[in-house]
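Here are some notes to read alongside the structure, for anyone opening it for the first time. Have the viewer ready and go through the points in order.

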Amino acid sequence: MSESDVAAEPAAVPKTGKKKAGLGPIQVLRHTGLAKWQWAAGTAAGLIPGADCGGRWSIALADHVAARREEILALVGMEAPISGHRAAERLSARTGLDVDLADVETLAETGALLVPDWYKQWPLWDCRALDAVDVDQLGTVVAERQAWVAASVSTRDAPAYLGWKRDEFDRVVKDRQLRPGRQDRYAKADLDALAGDEDLVEQVRLDRLLTSQRAATFLKIRPADFRYLVAGYLLAPRGHTSVEASWYWDMSVPLYRVGDLEALRDHPGIDWEAVHAVRPGEPSPLRHLARRPVDRAAVVRRWVAELGDRYGIEVWAWWHPGAGRWEVDWERVDGAPTEQQVRKAIATHPHIKAHWREIAVATEAGAAIRWARAMREPDAAVILDTETTGRGYLVEVAVVDACTGQTLLDTLVNAGCEVEPEARWVHGITDAELADAPPLAQVLPRLLQVTAGKTVLAYNAEFDHSTIARHASRDGLDPGHLGDFGTWSCLMGRRSDWQLVRGWPPPGGGHRALGDCHNLLNLLEVMTFA
């Protein structure tokens, strides 16, 4: 805070209650004409006493400090303390040396510099003390730092220096209890000693983990052949890594140890020449090794069929590529199993239990199917769509029965204002067409009648609900049950759940209300199937 900042500070005015005695921190700075950093430095030097009025300063004490202002300024100077980087630049400009932030910190460690103030967790440096630093001492500090940098490697670059991965390097330095030196850097001599330890380097190589694709490449075999090695329990993952499959999902990927892969080259039951000679599309010579089915999809589908037959219900299963898993769900009817029973069936099945980590039970997609079927029941729901002026007022509304597809309402609406060009370009409805159309006051009674007692489905329920509510409010009308968002349901979100995606593609239908309603009816019908 500069002197001008203090001078420009408005007087503090208590909001409520009795006025406090003495001056607060800002008031005392204004009274004495000192900046905050000057006050702090003067206090540290013993020229400014502490608060004497319950955490505040009395007028008498403030006057005493003001009378010593010139003495304080002579001691602390007129320049505010600066950051470490600016301090290094100041020293470089004065001495011509290549001064770094680390050099400033080293000077402080030797006692050549003091920290007069702080900004958050960063120290600030006194300009006069920086100008008084001995050039020869600074030159020695800079030379020692440059020599250390030349003889060391940063923690960030150390793994690349050795040709290792970050996790490999971290594991070794932890086991060897190797610590970085100054500036968070490792001595090259220590790293060279690691690189010269042949047993260590070989162990790091053997412990390296590869994905199944890279492991197959390492063995010079096809991914299909590699799966037989895993299926035959000749290989097991030594770890897993998380890979982003989509914006919303991460999938777990198994990792295989290089040492385990190399050990397989001496396996007596594998003819590696035959494996390497097999052509794409030909059966794998490793098939005899598999002790369980390789095709997980076939295992899951077979189990789904068994579950459906056991309970006499429809069971659905699909692969969710974004989540990297199978999802299983089923119709909820009398006699259907509970979620706990299905999970137990997975855990106890001789073949499916091996895949329990990759199977999700009772999913959003299954809920969307059951919801769509419920909405298709007689008298359960209607589908509503609107077209607007662009400013959020109705120009057209249509309603169809979600069960029969019967058109219950299809009408233009005189919005009482012009249709914006962008909206007209979308739906094609002109002001001339709306001139003789009924206003919402005439349309609303019929709209409330055909939607009464039913769930109102819309592709974007929030938009259509707010459009009707806004238009009714402007015209002084009561939207009735359509004003209650609890009576609405959104097809757009359910469609995303059902399609296993996160996104809201347009519904189609030509951007006319009735066409969109019928297109949404077709979508709802399709959503009743897995």
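The points below go from the whole chain to its sheets, a helix pair and a few single residues.

1. Start with what kind of model this is: it is predicted. The chain has 26 helices and 15 strands. Its radius of gyration is 38 Å, well over the 24 Å that the globule rule gives for 530 residues, so the chain is more spread out than a compact globule. If you want dimensions to go with that, the C-alpha trace spans about 95 × 85 × 45 Å along its principal axes.

2. Two more figures for the chain as a whole. Of the 530 residues, 40% count as buried. Among contacts with a separation of 6 or more, 67% are between residues 24 or more positions apart.

3. β8 and β9 (residues 325-330) run antiparallel and share six bridges. Within that pair, W318 sits opposite E327 of β9, and H320 has R325 as its bridge partner in β9. The hairpin of β8 and β9 has four residues between the strands, and G324 there takes a positive phi near 65 degrees.

4. On to the other partner of β9. β9 and β10 pair in the parallel sense, over three bridges, and V328 stands opposite V361 of β10. Is β9 mostly covered or mostly uncovered? Mostly covered: five of its six residues are buried.

5. Next, the five-stranded sheet. This one is also open with mixed pairing, and the order is β13-β12-β11-β14-β15. Its edge strands are β13 (407-412) and β15 (488-490), each of which pairs on one side only. Here the twist averages 25 degrees from one strand to the next. β12 (residues 394-401) and β13 pair in the antiparallel sense over five bridges, with V399 opposite L409 in β13.

6. Which strands does helix α23 touch? Helix α23 (residues 440-451) packs on the five-stranded sheet, touching β11 (381-388), β12, β13 and β14 (455-458). Its direction makes about 165 degrees with that of β13.

7. For a helix-to-helix contact, look at α3 (residues 36-44) and α5 (residues 69-76). The two pack at an angle of about 90 degrees, and their axes are 10 Å apart. α3 and α5 are therefore roughly perpendicular to each other. On the α3 side the contact is made by W37, Q38, A41 and G42, and on the α5 side by I72, L73 and V76. Those residues divide into five nonpolar, two polar and no charged.

8. Two backbone spots deserve a look. Most residues other than glycine have a negative phi. Y233, although not a glycine, has a positive phi of about 60 degrees. Y233 is in the loop between α15 (223-231) and β6 (239-244), and is exposed, with a relative accessible area of 51%. A362 is not a glycine either and has a positive phi of about 60 degrees. That residue is in the loop between β10 and α20 (364-375), and A362 is partly exposed at 25% relative accessible area.

9. Last, a loop residue. L178 lies between α11 (166-176) and β4 (185-187). Is L178 buried or exposed? With a relative accessible area of 16%, L178 is buried. Neighbours within four places in sequence aside, L178 is in contact with V173, Y186, D190 and L194. A150, which is 28 residues from L178 in sequence, is 19 Å from L178 in space, C-alpha to C-alpha.

Technical notes. Residues are numbered from 1 along each chain as its sequence is written. This is a predicted model: local features need pLDDT of at least 70, side-chain atom pairs count only at pLDDT 80 or more; totals for chains, interfaces and linings use all residues. Side-chain values use heavy atoms; hydrogens and water are left out. Two strands pair if DSSP finds at least two bridges between them. Axes are lines fitted to C-alpha atoms, for helices over the stretch in contact, and angles run from 0 to 180 degrees between N-to-C directions. Angles under 35 degrees count as roughly parallel, over 145 as roughly antiparallel, 65 to 115 as roughly perpendicular and the rest as oblique. Contact means heavy atoms within 4.5 Å. Ala, Val, Leu, Ile, Met, Phe, Trp, Tyr, Cys and Pro count as nonpolar, Asp, Glu, Lys and Arg as charged, and the others, Gly among them, as polar. Buried means under 20% relative accessible area, exposed over 50%, partly exposed in between (1.4 Å probe, protein chains only). The radius of gyration is taken over C-alpha atoms; the globule rule is 2.2 Å times the number of residues to the power 0.38.
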